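What follows is a guided reading of one model, going from the contact between its chains to a strand inside one of them. Please keep the sequence and the 3D view open while reading.

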2 protein chains.
Amino acid sequence: MKKHNYSAGPCILPQEVFEKSAQAILNFNDSGLSILEISHRSKDFVAVMEEARALVLELLGLQGKGYQALFLQGGASMEFLRVPYNLLRDGGKASYLDTGTWAAGAIKEAKAFGETIVVASSKEDKYNHIPKHYAIPADADYFHCTSNNTIYGTQIKEFPETKIPVVCDMSSDIFSRQLDFSKFDLIYAGAQKNMGPAGVTLVVVKEAILGKTGRNIPNILNYQQHIEKESMYNTPAVFAVYTSLLTLQWLKRQGGIPAIEKINEAKAQLLYAEIDRNPLFNGTAVTEDRSNMNATFLLKDETQAQAFDQYWKEAGISGLTGHRSVGGYRASMYNALPLESVQVLVDVMKEFEKTNA
Amino acid sequence: MKKHNYSAGPCILPQEVFEKSAQAILNFNDSGLSILEISHRSKDFVAVMEEARALVLELLGLQGKGYQALFLQGGASMEFLRVPYNLLRDGGKASYLDTGTWAAGAIKEAKAFGETIVVASSKEDKYNHIPKHYAIPADADYFHCTSNNTIYGTQIKEFPETKIPVVCDMSSDIFSRQLDFSKFDLIYAGAQKNMGPAGVTLVVVKEAILGKTGRNIPNILNYQQHIEKESMYNTPAVFAVYTSLLTLQWLKRQGGIPAIEKINEAKAQLLYAEIDRNPLFNGTAVTEDRSNMNATFLLKDETQAQAFDQYWKEAGISGLTGHRSVGGYRASMYNALPLESVQVLVDVMKEFEKTNA
């Protein structure tokens, strides 16, 4: 039986992506070669890279607007360093919004690099909400935020207006909802939620913001180098890029971001309604900031945990345990998780209520 | 028909590795989940990472000798930067041997970072040999070399003796021949030759050499951070690590490095003998420095190229074209290339001689 996979990432991808990528490992494009043994400079793979880069911009509505899409390595944590290296001027300062563990990780790397101001933080409230009504210094080199916080189940619904460049870590909700992406100057995302397998990072950058730091940037960290080399400065993560392309093609066939957003909203509404209705559970995030990707919740009576765990595991659900730093439960409902899987979880919660209320 | 794949990297891996990794994409460890959708913190994947790290040290004969094996992201080009960040003291200097394009890339990144001395270079001879009889400054923080030069077909046969830490980029010949690996303090290798798919980098480091620079090292570049987090500082390249483990397991079953070295020597002898015998071809590297991994050669009469290309392509050979920066031919004979494939190429060269001499 195929599992109902709620893993927070790496996470479920469309079943057809698994099938096509497995096939490409045995015989890629009917070449008699595996996707794992071909040159990244081969005609077939260069075509994959170019289609993937173009499709990212198309799906985000950023074609012809001065943006470049790159597939890099190192995970979002590498971008925590690349961002200040490329955008923080010598003697300048950066501004960050602290909304969770990953935002804090980005802040830590930036602080070790140069002057870094935290404009607001919800840390004292265990990151249960997104701070609002903060001021962004007009003289900062950029403003950095994290659009979705997987561990705490919160999501930025309205992004601040500012005249300085806006950088956003969208690792856990890119391609899941409609936004005016042209309001962002640099977007980055580890692939392993809505895009592909772990091992590749998407960077979408407005070229005009680069080259202004007056700093010597190491080649491997320099976005301009990667743009000039068309994302082949060095050997890219061939398989991860190919599988990301398969996922992006799947998304386009679903109707792109507008279509998937509707399904994601339906899934989130279904689950949050049950969390709010069911007397055995509490949601952990403030209602207005709830994430449509990761719903975090607790049993009111923790002694029921063992019994509840048995219920959902028997229903074929996996990956529902909360992050080890906070405990409880986390239902990650990325693009490829079907509505049916959410219904199975809701049914389990109802059933559990009947026998344990 | 399965191709005779001479690609310089990404390159051929054992056929059973392709089959097992494709199977894991459909159903990993009979879990009902794809290897692409499981958490890197899952019990099954933590076991993969631990076995891979241990098997690297076992195959290299480095168990219990103070070394740590890490699976990082970014390719060898990222290590070009991590090495000086972690080993070059504030106000210190680094020493490098320049034996080819990748060595030069490492030097470029180091020079932009701090004082860097090139102890010797074969650049003026188009890198057709490995420099010898050079002096390594005793007061340098480390000495860096590249064990095998894929583009120019040369390989270091004897490594210099020095009391300072020795760092070696073994991307294109690790696991291919017996060496006293304990003479190296830091070894790194992009996976995509003898270890696995592109997208993961192996780093083997003697822990005692770390922590001596007096420098603030960004977390993502800090080897000590990756050691403390057991190669899970951030989400690793799950699939690439798993496929690397499959290849390492295969190598162990072949009899490890001693056994594969014999086969690699037989393959290289077979091909170099034909290059030397056949009046239509010239080898490009000085004989004593010839690489057992990459044999580079030229047609004496370049007007025969089109005809020769047709010959080998018709024989099911792929990836024989030389690097775009040097032209000619390059036969990459990594661990997974069978002796039979080399015989096919030698037969093609003989056949071509008969009709074109």
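Between chain A and chain B the count is 0 salt bridges, a salt bridge being a side-chain nitrogen of Lys or Arg within 4 Å of a carboxyl oxygen of Asp or Glu. This is a predicted model, in which local features need pLDDT of at least 70 and side-chain atom pairs count only at pLDDT 80 or more, while totals for chains, interfaces and linings use all residues. Residues are numbered from 1 along each chain as its sequence is written, chains are lettered from A in the order in which they are written, and side-chain values use heavy atoms, with hydrogens and water left out.

The contact (heavy atoms within 4.5 Å) takes 55 residues from chain A and 56 residues from chain B. On the side of chain A, A:Pro10, A:Leu36 and A:Glu37 lose the most area to chain B, together 14% of what that side buries, where buried area is the accessible area (1.4 Å probe) that two parts lose on being put together, summed over both. That area is about 4,300 Å² between the two chains, and carbon and sulfur atoms give 56% of it.

Within chain A, 5 of the 6 residues of strand β2 (residues 67–72) are buried, so this strand is largely enclosed by the rest of the structure; buried means under 20% relative accessible area (1.4 Å probe, protein chains only), and strands are DSSP runs of E, at least two residues, numbered from the N terminus. Strand β2(A) runs antiparallel to strand β10 (residues 201–206) of chain A, joined to it by 6 bridges, and strands pair if DSSP finds at least two bridges between them. In β10(A), A:Val203 is the bridge partner of A:Leu70.

Technical notes: Buried < 20%, exposed > 50% of the residue type's maximum accessible area, 1.4 Å probe, protein only. Helix = DSSP H or I, 4+ residues; strand = E, 2+ residues; numbered from the N terminus.
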